[in-house]
Amino acid sequence: MSARLPAYRHDPGKSVLVLPSADLSEVFWDREPVVCGFRRLTHQVAGQSRAIEVPVSSSPVVVTGAGAVVAASDGTVTFYDRTLGKEYWRRRLDSPLYASLVADVRRRRVIAIATSGLAACFDLRGRLVWSTRIADPVYATPLVLPDADRLVVAAFNSRCTGLNLETGAIVFDRRLPEPWHAAFHSSAAHRDAYASPVATGEGNAVIACAEHVLCLSPDGEELWRTDVGHSIKASPVGLSEQQEVLVAPVNGRCLFLDSRTGHERAAVELGAKVTGSPAVSGGLVAVGSTDGAVTALNARTHGSAWRSSQGAPREYTSMTTLPTGDFVATASGGNIVCLRREDGRFRWETSQVLGLTDHHPTMDITPVAGPDGSMYGASYSGVVYHFRFRPRDKEALG
């Protein structure tokens with residue numbers, strides 16, 4: 001039986017591992033979760049009395065029933081228990097981590113890629129399974145193609161590399177289209193591809209780079225290429241049932257492309273810039289724009305299903321989903337906001353005000369929630385949060 005393909009940048013299918021021993025008690029997903037654990041990440045500089053904060057830019061892998069694997073800007077990858085109070089193991093790569101961690105679900109492994117291009121795969125005991133050097137800096141979250149056993153990595157300097165998911169061996173390494181301004185020696189031209197690849201229903205990888213959208217086979221063969229005319233920062237969304245891909249360039253014109261040919265089937269104008277990556281749930285694609293609004297597009301009809309004036313993700317982060325299918329994102333105010341999938345109605349917003357000194361409660365990364373009622377977020381100020389949703393079983397409340 002084929003594994004479900006990751007359809008969007010922060011699809012929980014590539015960031016949640018469920019252990020057989022996990023307690024999957026029912027919780028109230030529609031009620032505001034509460035911080036039940038936090039951890040400050042700091043680094044002590046030699047000769048200084050005050051430790052400096054270690055930013056977290058990468059979303060974690062949640063190991064349901066055990067805790068979360070967290071990557072930080074000091075190059076560390078650490079497996080914490082559920083409360084963040086206990087450290088199971090810690091490993092260090094050679095440079096900061098910006099790309100979110102992803103899971104090899106079948107083998108119960110976690111893959112981290114540092115900004116240097118060093119990719120490392122760890123088992124849940126912290127043992128290094130394989131490591132591979134990608135030639136260019138990596139900031140985009142990689143794509144797991146489970147059926148093909150591939151890890152597809154979009155890197156700066158307009159490159160894409162495919163790795164064997166089991167061994168880390170390089171399967172392909174190819175050039176991508178450069179931004180138009182590379183010809184004029186733009187200082188930002190090398191910072192592409194920024195968007196993360198996603199999977200099509202056919203099991204291929206779609207990559208948004210510069211002003212183009214490419215579809216590659218698991219072995220790196222280019223199947224089609226479409227020039228959309230505008231820069232793309234948000235990651236695409238795979239719509240397998242419709243055999244389409246949604247792409248949201250910075251001009252706010254969402255394009256529905258045929259996933260087999262790249263031909264445009266429909267377009268929807270949002271009226272504002274898009275830099276945050278969309279998510280899909282129950283046939284609705286939630287797209288956040290820089291005016292703070294979220295628009296849900298019907299994947300079947302290509303029309304607008306609803307629009308919320310709040311809940312859009314912070315720049316260059318993502319919409320994602322809860323196990324219920326509702327949409328969540330770390331919004332511009334730094335709190336996680338939940339919108340009901342069916343109609344965009346506001347459900348809840350988190351608070352990280354804990355009454356602590358020197359504490360900045362604003363979060364910056366895309367959250368990840370596991371089916372056990374735990375959700376994790378983090379900030380550039382070096383704080384990781386564990387949120388818990390209220391259990392439905394009164395006995396679980398103690």
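In strand 20, the residue bridged to Cys 215 is Trp 224. This is a predicted model, where local features need pLDDT of at least 70, side-chain atom pairs count only at pLDDT 80 or more, and totals for chains, interfaces and linings use all residues. Residues are numbered from 1 along each chain as its sequence is written, and side-chain values use heavy atoms, with hydrogens and water left out.

**View 1. The open sheet runs in the order 17-18-19-20.** Its 4 strands pair in the antiparallel sense. Strand 17 (198-199) and strand 20 (222-227) sit at the edges with a single partner strand each, so one side of each has no neighbour in the sheet. A word on terms: strands (E, at least two residues) and helices (H or I, at least four) are DSSP runs numbered from the N terminus, and two strands count as paired if DSSP finds at least two bridges between them. Strands of a sheet pair through backbone hydrogen bonds, either parallel or antiparallel.

**View 2. Strand 19 meets strand 20.** Strand 19 covers residues 212-216 and pairs with strand 20 over 5 antiparallel bridges. Look for His 212, which stands opposite Asp 227 of strand 20. The two strands make a hairpin with 5 residues between them, and Gly 220 in that turn has a positive phi of about 90 degrees.

**View 3. Strand 18 meets strand 19.** Here, too, there are 5 antiparallel bridges, with strand 18 covering residues 205-209. Cys 209 has His 212 of strand 19 as its bridge partner. This hairpin has 2 residues between its strands, and Ala 210 in the turn shows a positive phi of about 55 degrees.

**View 4. Strand 19 is covered on both faces.** His 212, Leu 214 and Leu 216 are buried on one side, Val 213 and Cys 215 on the other. With 5 of its 5 residues buried, strand 19 is largely enclosed by the rest of the structure. Buried means under 20% relative accessible area, exposed means over 50%, and partly exposed is in between (1.4 Å probe, protein chains only).

**View 5. The loop between strand 16 and strand 17 holds His 185 and Ala 193.** A cis peptide bond joins Asp 192 to Ala 193, with omega about 15 degrees. His 185 has a positive phi of about 60 degrees, though it is not a glycine. His 185 is exposed, at 73% relative accessible area.

**View 6. Arg 108 lies in the loop between strand 9 (102-104) and strand 10 (109-113).** Arg 108 is no glycine, yet its phi is positive, at about 55 degrees. Its relative accessible area is 39%, making Arg 108 partly exposed.
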